[in-house]
Amino acid sequence: MKTLRLILGDQLNIKHSWFKEVDNDVTHCLFEMRQETNYVKHHIQKVIGFFAAMRQFSADLTNKNHHVIYYRINHPKNKQSLTENLSEIIKTQNIQTFEYIYPDEYRLEKQLSDFCKTLAIPSKVVSSEHFYTQRDDLKQFFKGKKQYLMENFYRDMRKKHDILMVGNQPEGGKWNFDKSNRNKWNEDVQIPLYKYFKNDATKVLEDIKKATIETIGTFKQKTFAYPITRIQALEQLKYFCEHLLTHFGDYQDAMHTKETYLFHSRLSFAMNLKLISPKDVVNTVLNYYRKHGAEIHISQVEGFIRQIIGWREYMRGMYWALMPEFKNLNELNNYNKLPDFFWTGNTKMNCLKHAIKNSLENGYAHHIQRLMITGNYALLTQIHPDEVDNWYLGIYLDAIEWVQITNTRGMSQFADGGLIATKPYVSSSSYINKMSNYCDDCFYNKNKKVEHDACPFNSLYWNFLDEKREQLGNNFRMGMMYSLLDKMDKQQLQNIKEKAQHIISHQDLY
Ligand code: FAD
Ligand code: SF4
C-alpha cells in the first residue's frame, strides 16, 4: 500500500509519531506555494522563515531515510495549489492512501476535507501532537456558560497538568501575578546581547525574488532573529531561561524606543511552526526555575507560563469554537480604512512610528505594542476589522490565522462584542506614557486634548466612548469611564469630537 502524507508549512514537528520509524511505503510531501504566499501580502521575513524552516525540515527527514517530495516555489512540477499538487502526485505515483495532519486553520481544514471527499482512495487525518488540549476541549469546558473567561480555563489547565501547583493550591499563594508585570523599563536594567542563528535565508530570498512574490517589510540577514530548526529553537529557549526569564514578568508590558524585544522570548514563530511544542517550553522553563529558584521570582515564571498554557491554548480553543462565523464579526460597526502610514511608519505619533517600524523591520512587535499601540489606534479610529486582520496576518512572522484573528478581531478590536475580552483595550496617552518612553520625544503633547499639538489618542479615546455608548455603555468594566464622560462639559466634549473627526478623516497628516 503506497501512502502519501502531507506536511503543511506549520507542521514541522519532528517528534510526531509519523517520523518514529522509516516506512518505505510512505512518501511525505511539502510544498512552497503561491496559494500560501498570496492569500494575504506577507512580510518578507515571514516567507523566508517559512521556506527556510520547511527546506531544513525536509532535508532532516531525508537524512533520516524518510521518502520526501519537496517542491520549492520555482519547481517545474509545482502547480502552486495544494490540491492540484496532491492530485498529480496521487495519480503519477500510484498512491493508494492519503494521510494528513489536522490543519490549524479553518480554510486549510475545509480545503483538505473537501478534497478528500473527491478522492477515489481512502484518506485519514491525524492529530498534530503539538498542543496540550484537543481542538474541542475549550468548547466543552465552557459548555452552557455565558462568558468564556481565560482565567477560568487557565486555572483548570494548571490543575489538570499539575503546573505550579502545591497540592490543589497555586504555588506562591496566587494564581496570577499580573499586577506585578507592569513595570516601565529603563536602560539601567541590562538586556544581554542576542546570539543570532545561522540559516539559509539569502538563498531563499533569491528564490522568492525570482518567483516575484509581493511582500511587505524589509530583510537583513544579520538581524533575522528567529530560530528555524528544532535545535535552534531549543537553543533560543535555553537563552531565554538563562538571560531573559529573570525579568520576563517585570517588563512584559513595557515599551521603549531603543528596544524591540526587551525580555520577550521570540519563540512564537518556532512554536507556531511546531518546531518545538508548548510542553517542551513549559517543562524547560519549570526545570530551570526548580534549579535556580533563588534567583528567579515565581511572578516571572507564572507570567510566562500563563501565556503558553493560558492564552495560547485558549485562543486555539476559541478559534475552533467560534469559526467560521467569527471571521465576519463586526459588533462595533467599524468601517474606516487603515491609514497608509501602517505600511511606512511615517507618522508624527512616536508610539505608532516605533511599533510600526519594529514590525516592518523585524516582522515582530510584542503583545503590548500590538494591543495598546497599533490595535488601540485602529480601534479608536474605528477601522474595519477585516483591514486590521489583514495587516496583522501579513506583517508578523508568527501570524497564523488561529492565533492572529482571535487576538486581533477578538482581544484587540472587540469585534466579537466581548467573547474574548471583557472590555475593549483602548486608552488615551496616559497608559502609553506609563508603560513607555515614547511620549518623551514625541511631536505631540501627551497632556493636551484639542490643540494642534495635542496627542491624538486623547481626543480619539473620548470620541470612541461617546460614539460606542450603545454597545459599551452597559459594560460593567467601562462604568467608571462612562461616568467621567458624563461629567464632561458639553462644549469640551464637542471640541474633542471635532478634533477626533479631523484626525479620523486626515489620518495620514498626523
Ligand atoms: P513572549 O512575550 O515571550 O510570550 C511567550 C509565548 O506566549 C509566545 O511565544 C506565544 O506563543 C505565547 N503568547 C503570548 N501571548 C499570547 C496571546 N495573546 N495569544 C497566543 N499566544 C500568546 N501571537 C502569535 O503567535 N501570532 C499572532 O498572529 C499574534 N497576533 C497578535 C495580535 C494582537 C493584536 C495581539 C495583542 C497579540 C497577538 N499575538 C500573536 C500574541 C503575542 O503578541 C505574540 O505571541 C508574542 O508577541 C510573540 O512574541 P514572543 O514569542 O517574544 O512572546
Ligand atoms: Fe503616542 Fe500621544 Fe505619546 Fe505621542 S504623545 S507617543 S502620540 S501617546
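Which helix contributes the largest share of the shell around ligand 1, and how many residues come from it?

Modeller: The largest share comes from α11, which gives 6 residues to the shell around ligand 1. This is a predicted model, in which local features need pLDDT of at least 70 and side-chain atom pairs count only at pLDDT 80 or more, whereas totals for chains, interfaces and linings use all residues. Residues are numbered from 1 along each chain as written, chains are lettered from A and ligands numbered from 1 in written order, and side-chain values use heavy atoms, without hydrogens and water.

The shell holds 28 residues, and the closest to ligand 1 are H264, S265, R266, N272 and Y364 (a residue is near if one of its heavy atoms lies within 4 Å). At least two residues of this shell come from each of α9 (268–272), α11 (298–322), α13 (367–380) and α15 (401–412) (helices are DSSP runs of H or I with at least four residues). Domain 2 (137–322) and domain 3 (340–509) each contribute at least three residues to the shell, with bounds from an automatic or database assignment. By class, the shell has 13 nonpolar, 11 polar and 4 charged residues, where Gly counts as polar and Tyr and Cys as nonpolar.

N272, one of the closest residues, places an N or O atom of its side chain 2.9 Å from an oxygen atom of ligand 1, while L267 brings a backbone N or O atom to 3.0 Å from an oxygen atom of the ligand. On the nitrogen side, a polar side-chain atom of N407 lies 2.9 Å from a nitrogen atom of ligand 1. Taken alone, the ligand exposes 820 Å², and the protein buries 98% of that area (Shrake-Rupley, 1.4 Å probe).

As for open space, the second largest pocket contains about 370 Å³. α12 (350–362) and α8 (230–248) each supply at least two lining residues, with α12 giving the most, 6 residues. This lining divides into 9 nonpolar, 7 polar and 6 charged residues, and at least three of its residues come from each of domain 2 and domain 3.

On a 1 Å grid over the protein atoms alone, a cavity is where a 1.4 Å probe fits but cannot get out, a pocket is an open set with protein on both sides within 12 Å along at least five of seven lines, and lining residues have an atom within 4 Å of a point. The largest cavity contains about 330 Å³, and among its 22 lining residues G9, D10, E36, Y39 and F50 lie nearest the centre. α1 (34–37), α2 (44–63) and α4 (106–118) each supply at least two residues of that lining, α2 giving the most with 5, and the classes are 13 nonpolar, 3 polar and 6 charged. The second largest cavity contains about 90 Å³, and of its 13 lining residues C351, C439, C442, C455 and F457 are closest to its centre. At least two residues of its lining come from each of α12, α16 (429–435) and α17 (456–467), and by class this lining has 10 nonpolar, 2 polar and 1 charged.

How values were computed
Points joined across faces, edges and corners; volume = space filled by probe spheres on them. Polar contact = N/O pair within 3.5 Å; in protein donor to acceptor, adjacent residues only side chain to side chain.
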